[in-house]
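Morning, everyone. Please take a look at the structure on the screen. I'll talk you through it briefly.

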There are 2 protein chains.
Amino acid sequence: MKSIASYSFLILGMSLFTLFLSAQSSSDLSDVPVSQQFDEDSLQIAELFRLSLTEGSSYDWLGKMCKTIGPRLSGSTQAEQAVNYSFDLMDSLGLNPKKQPLMVPVWKRGEKELAFYKSANGEKNVLNILALGGSIATVDEGIYAPIVEVETWDDLKTLGEEGVRGKIVFFNEEMNKENLYTFHSYGHCVMHRWGGAVEAAKYGAIGVLVRSLNLRIDDFPHTGSMKYDDGITKIPAAAISTRDAEKLSKLLEEGDEVNVMMRLMCETLEDKESFNVIGEIQGSENPERVILVGGHLDSWDVGDGAHDDGAGVMQSLGVLELLQKLNYKPKNTVRVVFFMNEENGLRGAKAYKDYAETSTEEHIAAIESDRGGFTPRGFHVDGNTSQLEKMMSWESILDKYGIHQIEEGGTGADIGLLKTENNLLIGFVPDSQRYFDHHHSANDTFDTVNKRELELGTASIAALVYLIDKYGL
Amino acid sequence: MKSIASYSFLILGMSLFTLFLSAQSSSDLSDVPVSQQFDEDSLQIAELFRLSLTEGSSYDWLGKMCKTIGPRLSGSTQAEQAVNYSFDLMDSLGLNPKKQPLMVPVWKRGEKELAFYKSANGEKNVLNILALGGSIATVDEGIYAPIVEVETWDDLKTLGEEGVRGKIVFFNEEMNKENLYTFHSYGHCVMHRWGGAVEAAKYGAIGVLVRSLNLRIDDFPHTGSMKYDDGITKIPAAAISTRDAEKLSKLLEEGDEVNVMMRLMCETLEDKESFNVIGEIQGSENPERVILVGGHLDSWDVGDGAHDDGAGVMQSLGVLELLQKLNYKPKNTVRVVFFMNEENGLRGAKAYKDYAETSTEEHIAAIESDRGGFTPRGFHVDGNTSQLEKMMSWESILDKYGIHQIEEGGTGADIGLLKTENNLLIGFVPDSQRYFDHHHSANDTFDTVNKRELELGTASIAALVYLIDKYGL
């Protein structure tokens with residue numbers, strides 16, 4: 001609970017710049033029970049937010065990448081263009097950029113997928129599908145087989161080989177609408193996308209359709225990574241739109257046998273060289289102590305990878321730009337990393353971890369932004385109790401900017417490998433309600449990003465970097 | 001700051017339903033330092049949110065209204081259809097609906113507006129404009145005149161009659177990007193839209209163009225209400241898109257004389273009968289004490305009035321539905337009011353206020369939702385200190401649902417007239433970053449509403465109504 005007088009004074013009816021100016025007059029803040037130190041931090045952080053809303057570049061950088069390069073699947077020409085574009089951006093900011101080489105898998109979707117089921121009258125009804133990343137192709141003429149619907153691994157077991165052999169297994173687990181934080185629902189369902197082809201193949205299935213991980217009912221199929229296991233027959237796998245999943249489920253419920261044709265033309269080529277792109281502001285006192293901020297540069301090959309994770313990389317770079325504009329000289333090195341290949345291999349994260357392990361540097365904190373360019377809500381934190389308490393003590397400064405959920409929780413796939421006994425991992429948490437409308441689909445496009453929401457995220461991370469750099473952990 | 005253990009237990013990794021069930025086992029909540037009373041409220045409120053995400057109807061009601069009826073300007077056929085649709089919805093919920101008759105202004109846009117400027121080579125460049133609501137028409141062939149750019153009333157004064165007579169005054173004040181809460185920027189700029197035609201006419205202007213109240217640069221002109229004053233010549237007035245405003249400004253800056261043609265075909269007809277639509281759950285103990293929740297049913301005539309304010313009325317109705325689904329019997333009467341004519345007259349608010357003044361009922365609280373169907377953030381409150389403190393004490397229960405900004409502030413146009421010495425007015429505050437992308441423009445459409453964000457707003461208001469009803473103010 002906030003004191004009415006101080007809170008409304010700080011927030012209502014005043015521009016940040018006005019706040020910035022007026023807060024310098026002690027009489028204006030005379031009723032705010034804070035230390036001088038807090039005053040200074042508040043001013044610096046207010047200025048970071050003001051700068052983000054008036055001069056922040058994350059949105060423009062993102063727009064240029066999405067509109068002129070587009071989606072950036074590892075190993076693609078666009079991913080290569082994005083590496084060069086990122087390097088040039090970092091160079092233009094004087095961040096002494098480096099390209100860290102690594103090998104990435106190369107998977108291509110090939111010719112657009114085709115799928116339909118036939119109505120009783122023989123009419124073909126097109127289904128909206130997308131091959132999962134890493135799937136093998138079907139035969140050229142596609143596969144045509146009855147589908148069998150399951151929700152869990154147990155359903156598969158119950159059906160057994162008798163119920164599954166020669167069929168297409170249709171995983172139709174709905175994302176749980178009840179979770180306020182939508183990533184929890186994703187975390188639960190994603191195993192069917194990831195492991196469905198392996199489990200279904202064990203019972204003799206010839207293909208897999210997975211309900212898209214989307215909380216809405218719409219026509220966008222959502223792709224994503226999947227695995228094959230050694231010794232288990234590889235079968236083709238695709239995501240189907242939620243509306244089509246509902247349609248198939250209804251037909252099956254009515255007792256019809258439903259035969260589906262699906263044709264995937266994807267292929268996996270030889271691994272290829274690609275790069276993490278890394279820039280930094282060297283620390284003035286402790287250059288060997290690193291605060292890392294990053295996201296992933298690669299994306300799936302549909303849409304233009306705006307929210308996942310163009311937003312995250314351009315916010316990360318924007319953090320360093322804001323610190324420069326603030327004329328803040330960090331004591332520790334503040335490093336931005338654009339990781340390559342988060343979506344289908346994590347090769348960039350592994351390469352960076354290999355570097356970090358052999359380096360004399362200490363990564364005191366790593367912050368990842370990979371949950372879309374939406375309005376800021378908080379941070380998820382992985383560290384010891386005293387670090388968490390320190391982070392939470394900053395909530396009183398950050399709450400007025402919408403940061404009110406600083407909690408223990410998962411942080412991010414790319415920084416996860418950097419966890420040590422002493423350091424702190426942090427995941428930036430924007431509002432999650434809209435994320436799965438876009439994630440891994442043709443609907444993840446730049447026009448669905450709001451400039452202010454994106455730039456406020458940049459400022460939120462910059463404010464945290466400022467506090468960590470200034471006060472340590 | 002929250003205790004790490006209790007907070008993360010409540011929020012992370014658990015569905016609301018799981019929370020609801022598990023919280024009934026005291027051992028599961030043994031580390032949560034709250035009273036039994038708080039426990040019960042938490043459970044009821046968790047259930048309201050769970051119901052909103054799984055069974056809430058606000059989104060479907062809104063979709064049907066936007067898609068089958070569309071925009072609902074006062075006095076239009078669609079407004080009439082929306083009245084009937086709303087009445088039927090309330091009836092289907094057993095809310096004993098009433099239509100409260102009132103007279104509304106009738107203004108029609110007429111044939112689509114036309115505007116252009118001519119380049120030096122004589123080429124016509126189309127400008128995106130929308131007549132302001134209430135504007136008179138131009139002559140049939142349109143007006144063609146040099147434009148003169150101003151930002152403030154003072155600029156007009158400086159130019160004087162010499163600089164203005166015979167010209168079109170172009171008000172080009174940009175919305176202030178620095179305000180975190182975008183309505184503050186709106187509040188500052190809106191005077192030029194509202195009063196620009198009057199002020200410009202005083203200096204002999206023949207027309208007015210007002211930069212759209214939009215924080216983005218795009219092609220959508222944003223309409224809105226304007227006034228004429230007795231004794232001042234009426235001149236036609238239109239909003240121009242931000243991109244076109246920037247274009248005109250640049251041409252003027254380059255020293256060119258810029259002549260603009262604008263043609264508006266709007267007209268004002270006789271006032272017509274329309275209605276507020278009102279339903280309620282009668283209070284079990286104090287039926288004469290009313291907690292009102294409402295929004296406005298009318299909208300501008302472009303887009304389909306989804307955020308402004310279809311969202312607000314359908315959330316308000318959803319509040320009563322959620323209380324019914326919870327099987328909560330309010331002690332006080334909970335009344336939903338769909339106000340007519342907020343946009344260009346506030347006649348519905350006035351009619352309801354006239355009723356309230358002569359009634360024996362007491363309106364203990366009135367809550368308005370009229371800031372879009374975005375993810376919930378908080379409430380603005382207008383009441384005495386003890387009421388504010390009580391509201392803020394509930395923040396600890398509501399914070400986990402995203403409600404973390406309970407502050408003194410403006411509440412709403414429709415409920416404003418209901419203020420008494422003792423009661424409390426409350427404005428629901430969703431995230432404001434995207435609102436002015438849509439407001440009063442063709443871009444205010446149902447497809448830009450996210451179901452979860454909208455329903456979470458409904459639940460937020462329902463939770464507040466529950467607390468007010470249970471604990472009083």
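I'll start with chain A as a whole, then turn to one strand in chain B.

First, a caution: this is a predicted model.

Chain A has 14 helices and 16 strands.

Now the inside of chain A. Of its 473 residues, 56% count as buried. Buried here means that 20 or more other C-beta atoms lie within 10 Å of the residue's own. Next, the contacts in chain A with a separation of 6 or more: 81% of them come from residues 24 or more positions apart.

On to chain B, and strand β12, residues 332-339. Is this strand enclosed or open? In β12(B), 8 of the 8 residues are buried, so the strand is largely enclosed by the rest of the structure.

Which strands pair with β12(B)? One is β10(B), residues 267-281, which runs antiparallel to β12(B) and is joined to it by 5 bridges. There, B:I278 has B:V337 as its bridge partner. Another is β11(B), residues 286-296, which pairs with β12(B) in the parallel sense over 8 bridges. Here B:V293 is partnered by B:V336.

Terms used. Residues are numbered from 1 along each chain as its sequence is written. Chains are lettered from A and ligands numbered from 1 in the order in which they are written. This is a predicted model: local features need pLDDT of at least 70, side-chain atom pairs count only at pLDDT 80 or more; totals for chains, interfaces and linings use all residues. Helices (H or I, at least four residues) and strands (E, at least two) are DSSP runs, numbered from the N terminus. A residue is buried if 20 or more other C-beta atoms lie within 10 Å of its own, exposed if 12 or fewer, and partly exposed in between; C-beta atoms are placed from the backbone. Two residues are in contact if their C-beta atoms, placed from the backbone, lie within 7 Å. Two strands pair if DSSP finds at least two bridges between them.
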